Amino acid sequence: MNALPELLISWAPGEARGLLRLDGRPVELLVERERAAGLLDAVFLGRLVRIVPSLPGAFFDIGEGSQVFAPGEDWPPEGTMLPMQIVKEARADKPPEATRSLSLHGLLGVWTPARPGLAVSRQLAPPERARLSAAAAPLLAEGEGLVLRSHAEGASAEEIAQDVARLRERHARLMCAVAAAKGAGRLEAAPDAVVRLIQRASAGNRLGRVLIDDAEAWRLARVAIGEKFEAPILHDPALDDSDVDAVFEAALAPVVALAGGGDLVLEPTTAGIMIDVNLGRAAEGKRQAVEAILALNLTAAEAVARELRLRNLAGAIIVDFISMRRRGDRDRVLATLTRAVADDPATVEVHGWTRLGHVELTRRRRAPSLAEIMSAPVETRPLTAESVACNILRRLVRAGVRPGGITIRAATPVLTLLQGAMAGSFAMARTRTGRQVMLEPLPGQDIEKYDIVGI
């Protein structure tokens with residue numbers, strides 16, 4: 001059986017940060033905040049408010065002024081109340097997405113009360129898949145389904161039965177809540193941030209242990225799920241949260257250094273994720289350029305798979321590897337990438353090389369990426385200091401000749417340009433206005449901000 005990952009949790013008021021680590025290497029980062037009660041996988045009683053045949057789908061009110069969209073057809077009349085489960089969180093201008101078909105995540109897999117079928121992760125060897133299928137099949141009642149994940153490897157029939165029993169009990173509680181509900185709303189109380197983080201991590205992984213740095217957060221987690229959880233939940237006051245913070249900081253950086261030289265540049269866009277592989281120092285030394293390029297591309301393929309999961313990047317992804325002429329080299333890189341993404345709990349499909357020499361792949365999107373959670377959205381690229389300086393000069397020459405002086409207040413880099421490399425252009429603008437122009441530094445670091453007094 002493969003080694004089990006451990007979950008390190010760094011808690012602070014308002015936020016819990018989780019680092020999933022396997023063999024000492026970070027593989028996934030998780031963030032849960034107290035202010036946002038986490039909708040993903042939560043079950044609500046929703047009221048159907050609008051059917052949209054053209055999509056097709058329907059919008060549901062789930063209480064507290066929130067709506068979700070559920071794709072599908074053959075809906076009951078508007079006003080009908082139905083249990084709904086959130087399968088995708090809101091993103092940009094899109095509402096959360098929900099489904100009528102409940103899927104409850106356990107420690108070993110996903111149990112479906114009304115969608116029959118038995119499946120075992122294809123990441124496991126055929127003999128282990130056959131053993132798990134034989135152990136699980138007698139445990140399922142008519143109409144039930146079960147998907148055993150890769151972390152169910154080595155599980156006994158008794159362990160699978162216990163996992164299914166816990167999920168049946170949860171489903172029964174949900175149905176009781178539906179019967180007792182007086183309106184739309186959440187059917188289960190939202191757990192705190194630390195518990196949600198543990199639940200998210202264990203939904204995609206069979207954990208070896210959980211380490212929590214804060215004593216009170218550890219106590220609450222033990223009370224909430226301690227006796228029901230297979231992995232030990234431990235308080236570790238010596239947990240080095242700086243290590244967790246360092247991984248978070250690196251995962252928000254756009255450039256990832258590769259072993260042996262070279263780097264990845266990751267650029268999220270509205271349409272998808274662009275990843276560029278740069279050769280850099282990897283071409284130095286005695287190796288032939290062809291060998292150096294192949295070696296770097298193989299390293300980059302593994303790094304791409306790691307960064308996609310670590311940053312939770314999803315949707316359409318384009319990787320621009322360094323060009324290779326030999327078809328065999330391209331096949332090796334593609335095979336390495338395909339093998340590297342196989343362990344990702346999210347569904348990743350590698351579609352192959354394009355005619356432009358890029359590799360296309362897609363990763364299923366369920367929750368916001370790490371950058372979307374941690375960073376403010378950037379709608380447009382910020383202007384350069386030179387662009388701002390040119391805008392200022394444009395306004396000067398259009399101000400016309402009138403009495404009084406002019407004061408330009410701008411960021412220091414902009415003023416440095418006007419007094420240095422663009423001094424000739426600045427002098428020409430002053431001559432055109434025929435007025436005295438003073439420069440004053442504007443407090444703050446925003447290069448795009450400036451103020452012109454007197455025009």
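Here is a short walk through this protein, from the whole model down to one pair of strands. Keep in mind as you look that this is a predicted model.

Let's start with the overall picture. The C-alpha trace spans about 90 × 65 × 55 Å along its principal axes. Of the 455 residues, 40% count as buried. The protein exposes about 24100 Å², and carbon and sulfur atoms supply 53% of that area. If you take the contacts between residues at least 6 apart in sequence, 64% of them join residues at least 24 apart. As for charge, there are 56 positive and 57 negative side chains, and the centres of these two sets lie 6 Å apart.

Now zoom in on strand β1, which covers residues 6-12. Is this strand mostly covered or mostly uncovered? Five of its seven residues are buried, so β1 is mostly covered by the definition of buried as under 20% relative accessible area.

Strand β1 also has partners. With strand β14 (residues 209-212), β1 pairs in the parallel sense over four bridges; here Glu6 has Arg209 as its bridge partner. With strand β2 (residues 15-22), the pairing is antiparallel and runs over seven bridges, and Ser10 stands opposite Arg17. Two residues lie between the strands in the hairpin of β1 and β2, where Gly14 takes a positive phi near 95°.

Finally, a look at cysteines. A search of the whole structure finds zero disulfides. Among the cysteines, Cys176 is exposed, with a relative accessible area of 53%, while Cys390 is partly exposed at 33%.

Key:
Residues are numbered from 1 along each chain as its sequence is written. This is a predicted model: local features need pLDDT of at least 70, side-chain atom pairs count only at pLDDT 80 or more; totals for chains, interfaces and linings use all residues. Side-chain values use heavy atoms; hydrogens and water are left out. A disulfide is a pair of cysteine sulfur atoms within 2.5 Å. Buried means under 20% relative accessible area, exposed over 50%, partly exposed in between (1.4 Å probe, protein chains only). Contact means heavy atoms within 4.5 Å. Accessible areas come from the Shrake-Rupley method with a 1.4 Å probe; for residues, only the protein chains shown count as cover. Lys and Arg count as positive and Asp and Glu as negative; His and the chain ends are not counted. The place of a charge is taken as NZ of Lys, CZ of Arg, CG of Asp or CD of Glu. Two strands pair if DSSP finds at least two bridges between them.
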